[in-house]
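Here's a quick briefing to read with the model open beside you. Take a look at the structure first, then work through the points by topic.

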Amino acid sequence: MIILGFESSCDETGVAAVCSDKGLLAHSLHTQVAMHAHYGGVVPELASRDHVRRVIPLTRQVLSQAGISLSDVGAIAYTAGPGLAGALLVGASVAQAIAWSLELPAIPIHHLEGHLLSPRMALPCPEFPFVALLVSGGHTQLMRVDDVGQYELLGETLDDAAGEAFDKTAKLLGLGYPGGPALAKLAERGDPKKFDLPRPMLHSPNLDFSFSGLKTAVMIQQKKMLENPDINGNILADLAASTQDAIVEVLVAKSIAALKQTGLKRLVVAGGVGANQSLRQRLLSRLKRIGAGAYFPPLDLCTDNGAMIAYAAAQRVNRGLVDLTGQDHGFNVMPRWPLSQI
Ligand code: KG4
Ligand code: ZN
């Protein structure tokens, strides 16, 4: 069965076609980063309006790239939450309208389920069970994943998400929005040991995280730098590298602790921060030492996209977890939706 999937939970409009046997056929994405950069963050109303503008042209693109027409599609999937209410409603209403007009089933998908199954689109495909490190702009969670739909929360952040820590420190350093990739780029030419920044909850006995203290520590260092007339570009790069080092060290240590606690040997990394090269490299080398493997989605599928939504729906269909009959096409979105409640 071919599934057409829509993602519109935040500032990316994503559409994709996935075949439940053959995998990804085509996907197309429009990022609103340039539009929101002007305001230093996502403006929800603008995000919704832009999704409205983009979603149909992207759908046409995907159908043509996949070489299919709407009559080949067997089900429509969309992100039902969590995310921005207005933005989610755009994808949900377009998906439900197409499904209703073609008399197809519509499948609501949890955004984080999309992220955590997305590394299975890459080769080698991680087999179940595995530990998933979900690191996005809004979430930092360690999950035990036994199968599609079987998720157990092992630990999560008590305050800021890892992506938020990247974004907020990047903003402090004047790197604009979204700061994660910019901070990672600047960090490449900095010394990660130059600033002794805190590693919050590194040695706590649980698998929870906390990143808000790190932001305060960076703010203090940044103030000191501003008071110093000899400030130069390299010190900024050193601070970026030291911040990245602190975030990555905590993420790696907690991931290893989660593998030890569960006795599992596979770690799947998903979400925007999973694109971070320092995190990827350090996880690969540390996990190799303990005989475990790290799995990542393809780089272009780390951040939000429609492929992960269509793919999660396909996996649910393959497992018989979706009711494909008798839909009335009324719908709801859930801006706050714990993964444990799907
Ligand atoms: O998964 P995602 O696209 O959106 C959410 O669901 O939140 O993740 C976006 C987050 C942002 O905080 C962004 O700064 C971060 O992922 N990010 C990165 C990198 N690329 C994206 N953080 C660090 N290094 C990167 N290379
Ligand atoms: Zn996301």
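Start with H111: at 8% relative accessibility, it counts as buried, because the cut-off for buried is under 20% relative accessible area. Keep in mind that you're looking at a predicted model.

**The annotated site**
- The "binding site" annotation comes from an unreviewed UniProt entry, and it covers H111, H115 and D304.
- These residues are spread over 194 residues of sequence, yet they cluster in space, with a largest C-alpha distance of 8.7 Å.

**The zinc ion**
- Which residues are the protein donors of the zinc ion (ligand 2)? They are H111 and H115, each through NE2, plus D304 through OD, lying 2.1 Å from the ion.
- If you write the spacing of these donor residues along the sequence, you get H-x3-H-x188-D.
- Why is the arrangement around the zinc ion (ligand 2) irregular? The four donor atoms subtend angles of 93 to 142°, and a tetrahedral label would need all angles to lie between 85 and 135 degrees.

- H111 and H115 share helix 4, where they sit four residues apart, or about one turn of the helix. That helix covers residues 111-117.
- Is H115 buried or exposed? With 1% relative accessibility, H115 counts as buried.
- Setting aside neighbours within four places in sequence, H111 is in contact with E7, S9, T79, G81, P82, D304, M308 and I309.

**Strand 9 and its partners**
- Strand 9 takes in residues 266-270, and four of its five residues are buried, so the strand is largely enclosed by the rest of the structure.
- Strand 6 (residues 130-135) pairs with strand 9 in the parallel sense, over four bridges.
- Follow the chain from strand 9 through helix 9 (residues 277-289) to strand 10, and you've traced a right-handed β-α-β unit.

**A hairpin, and a residue that touches it**
- Strand 2 (residues 12-19) and strand 3 (residues 23-31) pair in the antiparallel sense, with eight bridges.
- How many residues lie between strand 2 and strand 3 in their hairpin? There are three.
- V15 has S28 in strand 3 as its bridge partner.
- V15 is also one of the contacts of T59, along with L4 and F6, once neighbours within four places in sequence are left aside.
- T59 itself is in helix 2, which covers residues 44-66. With a relative accessible area of 6%, T59 is buried.

Key
Residues are numbered from 1 along each chain as its sequence is written. Chains are lettered from A and ligands numbered from 1 in the order in which they are written. This is a predicted model: local features need pLDDT of at least 70, side-chain atom pairs count only at pLDDT 80 or more; totals for chains, interfaces and linings use all residues. Side-chain values use heavy atoms; hydrogens and water are left out. UniProt positions are given in the numbering used here, feature names are shortened, and annotations may be inferred rather than shown by experiment. Helices (H or I, at least four residues) and strands (E, at least two) are DSSP runs, numbered from the N terminus. Buried means under 20% relative accessible area, exposed over 50%, partly exposed in between (1.4 Å probe, protein chains only). Contact means heavy atoms within 4.5 Å. Donors are N, O and S atoms within 2.8 Å of the metal (3.2 Å for Na, K and Ca); water is not among the atoms, so sites may look incomplete. Four donors count as tetrahedral if all angles lie between 85 and 135 degrees; four count as square planar and six as octahedral if opposite donors are over 155 degrees apart and all others between 65 and 115; anything else is irregular. Two strands pair if DSSP finds at least two bridges between them. A crossover is right-handed if, with the strands pointing away from the viewer, the path from the first strand over the helix to the second runs clockwise.
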